[in-house]
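Let's take a walk through this protein together, one stop at a time. Keep the sequence and the 3D view side by side as you read.

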Amino acid sequence: MDVFSIFTLLGGVAFFLFGMNQLSSGLEKMAGGKLEALLKKATSNSFLGLLLGTLITVAIQSSSAVTVMLVGLVNSGIMDLSQTVTVIMGSNIGKTVMAWITSLSGIQSDNIFLRLCKPESFSPLLAVIGILLIMASKSDKKKNAGTILVAFSILMYGMQLMADSVAPLAESDSFKKVLTMFSNPVLGVVVGAVFTAIIQSSAASVGILQALSLNGSVTFSMAIPIIMGQNIGTCITAVLSCIGVNKDAKRVSVIHISFNLIGTLFYLTLYCIIDAIIGIPFSDNPIDAFGIAVVHSIFNIATLILLYPFKKQLEKLAYIVIKDNKEEEKEEVYSFIDDRLLSTPSVAIRECNSKCKKMARIARDTTISSMALVKKYDEKAAQEITENEDKLDLYEDKLGTYLVKLSGKALSAADNASVSRQLHFIGDFERIGDHAMNLLEAAQEINEKKLRFSDKATSELSVLFEALTEILNITTDACCRNSVVTAKQVEPLEEVIDYLILEIKTRHIQRLKNGECSIELGFVLSDLLTDIERISDHCSNVAIAIIETSQYTYDAHEYLNVVKRAGNKDFEDEYDSYKEKYQLA
């Protein structure tokens with residue numbers, strides 16, 4: 001084999017692996033956050049878990065990526081270990097689909113319709129369509145579709161390069177001797193496992209084996225052990241992904257490894273016994289790309305049939321391998337959102353969004369509880385408010401750091417807008433929590449000093465508290481449903497709250513002049529009004545973030561100028577409605 005052929009082979013491998021990587025990435029973007037939603041449906045229904053594992057792996061063409069997702073979801077406490085067993089089994093079936101697609105390269109026929117099925121016949125056209133979609137389309141989905149088409153074309157071109165580079169080796173005696181060594185089943189398994197572990201993709205290693213088989217020099221006896229070994233080699237990603245995770249997440253990797261290792265050892269032993277006793281008649285026959293796809297699928301389906309009845313035993317085995325340690329268990333803490341989910345940004349974004357929704361609810365409930373304490377103080381409720389405020393601080397810190405990491409990933413326009421929106425949210429929710437604490441401190445001062453507002457001031461504060469409760473509920477609802485329509489209801493109410501605060505201040509000054517209120521109570525009231533105004537401002541910020549990022553922009557000043565401009569009938573109608581609803585006596 002000359003130097004030029006070696007370079008061509010290496011170039012073919014590079015093209016193939018790059019195409020495979022981009023194809024998987026493009027498919028994952030197309031699937032978007034639906035992946036996580038599907039995975040969460042993998043409950044105690046084992047058949048559903050099996051089906052979802054298969055479909056998700058077909059969707060992103062990477063069983064390793066599915067395993068990494070599972071490790072991340074379990075490590076974050078989002079999924080239970082028992083939910084992952086059948087998903088892992090299903091992923092082993094889903095990963096066989098690519099072998100069937102790449103097997104089309106082996107079609108040999110003069111029939112024009114069969115020749116059109118060969119990837120080298122249609123992949124150039126797919127590449128042209130893909131490039132046009134990438135360059136001309138403004139739609140994110142169309143761009144992703146273009147990336148998938150181009151990636152597939154590159155993948156098939158790399159496979160053709162590999163096949164062409166090794167074609168002359170069919171007549172080489174040295175090459176034949178090397179291949180003959182792989183007829184040793186144990187060596188074949190080792191080679192398949194090591195090579196797959198290096199490139200971390202069983203689909204890619206099967207594709208490369210298919211390319212080598214196109215010159216007719218690979219036999220069934222060589223291919224079968226290598227294919228078995230490839231299933232072991234793909235577990236390396238699971239091993240690497242369990243570094244630095246909790247015990248249940250490590251057990252996900254153990255289940256993945258056990259499933260592939262037990263299946264390989266069982267069928268390799270069976271293969272060797274049959275071959276030794278009666279012999280396998282077709283073992284020395286050349287195998288083509290189609291035959292490799294058949295063997296690959298049969299082996300994975302057979303492994304599933306063998307181990308599916310032992311789902312619970314695989315889970316128990318994981319607990320035996322990774323044992324519980326009570327002392328370590330006390331120190332073990334679940335990750336807030338696991339960094340492994342960064343490899344599938346759409347999944348990570350949906351998890352961040354779930355945390356943002358939780359922040360919104362905590363901030364709302366904390367503020368409403370603080371308002372209640374102004375009227376009637378309760379020490380237990382005060383303690384809960386303090387704990388909730390600490391949670392909001394933790395959420396902002398953890399989520400902010402994670403979202404910054406996410407923003408550095410290649411994101412679709414929709415995902416990018418979601419990250420931007422959430423970064424705005426977390427700061428506002430944390431500040432709402434701070435102001436809720438200020439309301440609590442005012443309530444504590446009122447309680448400790450036995451202060452009492454006048455009946456008029458109490459009535460006015462009740463109206464204001466009701467308005468603030470409604471704006472918090474609207475804001476939380478808009479955030480949780482990402483509803484632009486609901487978010488547009490916030491600004492008119494925020495204006496009414498500002499009006500109420502100004503009116504209460506004016507009335508308070510008049511009461512001071514009339515001697516109906518003390519200076520000390522005036523300071524407390526002023527603090528309450530300031531915090532309420534700030535809380536409503538932060539609700540407005542959240543609403544604006546929802547509205548503006550839905551248009552993939554963010555300009556709060558421009559939005560407020562437009563919405564408050566004279567003649568905006570919708571805004572004026574909403575404002576008048578809220579003003580009538582919240583009237584001071």
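Predicted model: local features only at pLDDT ≥ 70, side-chain atom pairs only at ≥ 80, totals over all residues.

Start at Cys352, which is buried, with a relative accessible area of 0%. Residues are numbered from 1 along each chain as its sequence is written, and side-chain values use heavy atoms, with hydrogens and water left out.

A disulfide is a covalent bond between the sulfur atoms of two cysteines; here the rule asks for a pair of cysteine sulfur atoms within 2.5 Å. By that rule, the count of disulfides comes to zero. Another cysteine you can look up is Cys235, which counts as buried because its relative accessibility is 5%.

Now for charges. Side chains of opposite charge can pair when their charged atoms come close. To be called a salt bridge, a side-chain nitrogen of Lys or Arg has to be within 4 Å of a carboxyl oxygen of Asp or Glu. How many salt bridges does the structure hold? The answer is ten.

Take Asp365 and Arg364: their closest N and O atoms are 3.0 Å apart, making a salt bridge. Asp365 is partly exposed, at 38% relative accessible area. Another pair is Asp455 with Arg452, where N to O is 3.2 Å. Here Asp455 counts as exposed at 57%, and Arg452 is exposed too, at 62%.

Next comes Glu460, which forms a salt bridge with Arg507, the closest N and O atoms being 3.4 Å apart. Glu460 sits in helix α22 (residues 455-481) and Arg507 in helix α24 (residues 490-514), so this pair ties together parts that are 47 residues apart in sequence. (Helices are DSSP runs of H or I with at least four residues, strands are runs of E with at least two, and both are numbered from the N terminus.) Is Glu460 buried or exposed? Glu460 is buried, with a relative accessible area of 4%, while Arg507 is partly exposed at 25%. Through shared partners, salt bridges join Glu460, Glu503, Arg507 and Arg511 into one network.

Patches are made of residues with over 30% relative accessible area and no salt bridge; like charges are joined within 9 Å, and nonpolar side chains (Val, Leu, Ile, Met, Phe, Trp, Tyr) within 5 Å. Asp378, Glu379, Glu384, Glu387, Asp390 and Glu448 form a negative one. Helix α20 (residues 379-407) gives this patch its largest share, four residues. Glu448, on the other hand, lies in helix α21 (residues 413-448) and counts as exposed, at 63%.

There's also a nonpolar patch of about 580 Å², made by Phe266, Leu270, Ile273, Ile274, Ile277 and Ile278. That area comes from the Shrake-Rupley method with a 1.4 Å probe. Phe266 lies in helix α15 (residues 247-277) and counts as partly exposed at 40%.

Now look at the backbone. Most residues other than glycine have a negative phi, and most peptide bonds are trans. Lys450 has a positive phi of about 55° although it is not a glycine. You'll find Lys450 in the loop between α21 and α22, where it counts as exposed at 70%. Asn482 also has a positive phi, near 50°. Its place is the loop between α22 and α23 (484-487), and Asn482 is partly exposed at 38%.

Finish with two pairs to find in the 3D view. Leu51, in helix α3 (residues 46-60), is 40 residues from Ser91 in sequence and 8.8 Å away in space, C-alpha to C-alpha. Leu521, in helix α25 (residues 519-549), is buried at 8% relative accessibility. The C-alpha atoms of Leu521 and His508 are separated by 10.0 Å, and the two residues are 13 apart along the chain.

Methods
Lys, Arg positive; Asp, Glu negative; His and termini not counted. Charge placed at Lys NZ, Arg CZ, Asp CG, Glu CD. Buried < 20%, exposed > 50% of the residue type's maximum accessible area, 1.4 Å probe, protein only.
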